[in-house]
Amino acid sequence: MTDWTDDFLATVTGATDSPLTHVEHLPGHAGRPEEWPLWVPHDLRAAYGACGIEHPWAHQVEAAEHAWAGQSVVIATGTATGKSLGYQLPVLSMLLQDPRAKALYISPTKALAHDQLRAIRDLEADPGGSGGIRAAAYDGDTVPDERDWVREHSRWIFTNPDMLSRSILPRHARWHMLLRRLRYVVIDECHIYRGLFGSHVSQVIRRLRRVCAKYGASPVFILASATARDPAVSASTLTGVPCAAVTDNEAPRGGRTFALWEPPLTDITGENGAPVRRTATSEAARLLADLVIAGRRTLVFVRSRRAAEVVTLAARGHLEEAGAGELARRIAAYRGGYLPHERRELERALSGGDLLGVAATSALELGIDVSGLDAVVVAGFPGTLASIWQQAGRAGRRRNDALAVFVARDDPLDTYLTHHPQALFGRPVEATVLDPLNPHVLHPQLACAAYELPITPAETDELFGGSVARGVLADLEREKIVRRRPAGWFYNAAEQPVVDIRGAGSTVALVESATGAMVGTIDAASAHGTVHPGAVYLHRGQTWVVDELDLEDAVALMHLEEPPYSTYSQETSEIRLLEVLRSRVAGEIECHLVDVEVTSQVVSFQRRSTSTNEVVDQQALDLPPRQLRTKAVLWTLSSNAVEALGPIDEVTALLPGALHAAEHASIGMLPLIATCDRWDIGGVSTALHADTMRPSVFVYDGHPGGAGFAEQGFERAGEWLGATLEAIEACECGEGCPSCVQSPKCGNGNDPLSKRGAIAVLRLVTRALTDADSAGPPG
């Protein structure tokens, strides 16, 4: 396949020293239409026909048939495949045929919920317009009078898990009409519910199911997801009910060229003399300008709101230099902080062609609904492989050929992907990791459940986790939050329990220094690393510099500023092994899933140029240590394994740096197999740990009780550490750099580090794990 994308890449890369490491051509397909199910009302078919939908695609019908038959189902067919129609058909058909039926739509963002609500209202499916369905939003922006109307009259309510947890379930008696007649629950973009947030949402869904059961309802769940590994398993874990999976995309699609782009090394040196690459944002800005000059409508995804502005300004500068200044006004930033009507104007301008280029934050990928794009540039790994495909799928949505470019940051995982294209194109995406049995999640969730209805012994086993839930209920009883009676556990406190399902507990207030105005909040666990004195903090599209962090009063004082640098906190950690949960022995290597107590302290921060990523300086901090009980994956070497590395004197000098480098790189690579960010996890390595008496590397979840990431590392240790080894070996630096073994948050100044030693150790470890896998289970 040769089209405009090949010509463009040839033009912008040149013949020599090309930043391209791989180009993949993904063929399009024509799609497989299907007849409308017989149970779909004629009026609904006509409404879709008026919108240009003459027939559904086969995967949409398959999902709809599951739901209509009473089987919960997840549609995991990627971006722009019409998942919405898959859940709209059964829900709207039921609402049109049964005037008493009701439905609930849950999404992770208000923007997405309002987009879907608008689509339903525009459809005007029932004979009397949208009056019979009375679809309406119920979220934090809904005014009190309108909330009363929604509760009493709406038949399809569009909300989010926060409102469900805080407002609907605690007041279920007022919502009895909805809960008694609830036939369908749609959970959109369910792959977003991962880690601690996903674990909380899974318990909110269980609370919804038990309250529905009180009123005699047992709704069918319809989930929509980006492409995911084992979507049926993930959906069933999230909801607690068996879910079928529809994964074959039968919608039409144009061909796509997908390029992997590694920015070149510069003459700038970073920490410990390591080479520094051109930044992903500067490369993305140049690509955006070139695409706009070529007349291609382009969306650039970046990792921060500030980066969206930086890319936009830089691209305009390139256009001015190229003598195409008239095109500069046709580029804009799209990020948080804009009003809804401003976002809609940008979307219309991009779809209509008035705008040729937009730089957007990846956090808003769910809220953007634009079509007809020619190209997408992804500047830096967005956290998951699923997100890469979600973002790349924004181009070519009208069956036209499209270009997607992944531009690597200075990071081990980005480096790995650019040099191992099979990790992106030849493998399933990562697992959606959540742990509904995390005691730190169960504690507030069971308190909320007891407030709503007494918890029976049967429910602890059927819904909330059996023995783990009983242990948490015993803790709540000791704290006098619940009281035990023969019939179960009854709520005993005076106030309604409140849980922040997106955070980890207590918060720190963000306050403007000059005026005392409240800017926002941040969870206390993140405050040390993100709003320490001197930190650059992005909030709602504005850049703030922190003046003071008052931990006693839980307040961070800040002022508005646009400094030419970003900040990276650095911390040291000590770790204590509390309990071994599961183990695996592979020759001279042992791998364990363990409970640990981590004592960490943010000790300094670096300021790095936003244009070059060069370290400007490093500032010391005086913050107290913090303790965290969580889960970790631990691997250790026996004395024989150490001897196999080489002469004892050489190994003794090499081992601390080798383990340290392997730890850093493995932290950077864990997001390849678990849906986490490297900032969600931490690590400790030592040549002799007091609790193991062996050379040891710990990689731990950065959330109380763990979020499931370490467990994924344990389960897939061979795959994870093998990819870590390949990432280090693929990096073209000599002694180690941020693309392989250096970490931006290392409190020890990335010293000692040994790239050569890390390669030797990881070769030994991965060989042992591979041999153990080949031998099969013992016995």
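1. A residue is called buried when its relative accessible area is under 20%, exposed when it is over 50%, and partly exposed in between (1.4 Å probe, protein chains only). At 3% relative accessibility, N750 therefore counts as buried. Its phi is near 55°, a positive value in a residue other than glycine.

2. The model is predicted: local features need pLDDT of at least 70, side-chain atom pairs count only at pLDDT 80 or more, and totals for chains, interfaces and linings use all residues. Residues are numbered from 1 along each chain as its sequence is written, and side-chain values use heavy atoms, with hydrogens and water left out.

3. The chain holds 25 helices and 29 strands (DSSP runs numbered from the N terminus: helices are H or I with at least four residues, strands E with at least two). Its radius of gyration is 27 Å, close to the 28 Å from the globule rule for 779 residues, so the chain is as compact as a globular protein of that length. This radius is taken over C-alpha atoms, and the rule is 2.2 Å times the number of residues to the power 0.38.

4. Of the 779 residues in the chain, 58% are buried.

5. The loop between α24 and α25 contains N750. P752 lies in the loop between α24 (717–730) and α25 (755–775), and a cis peptide bond with omega of about 0° joins D751 to P752.

6. M693 is found in the loop between β28 (681–686) and β29 (696–701). Although M693 is not a glycine, its phi is positive, about 55°. With 56% relative accessibility, M693 counts as exposed.
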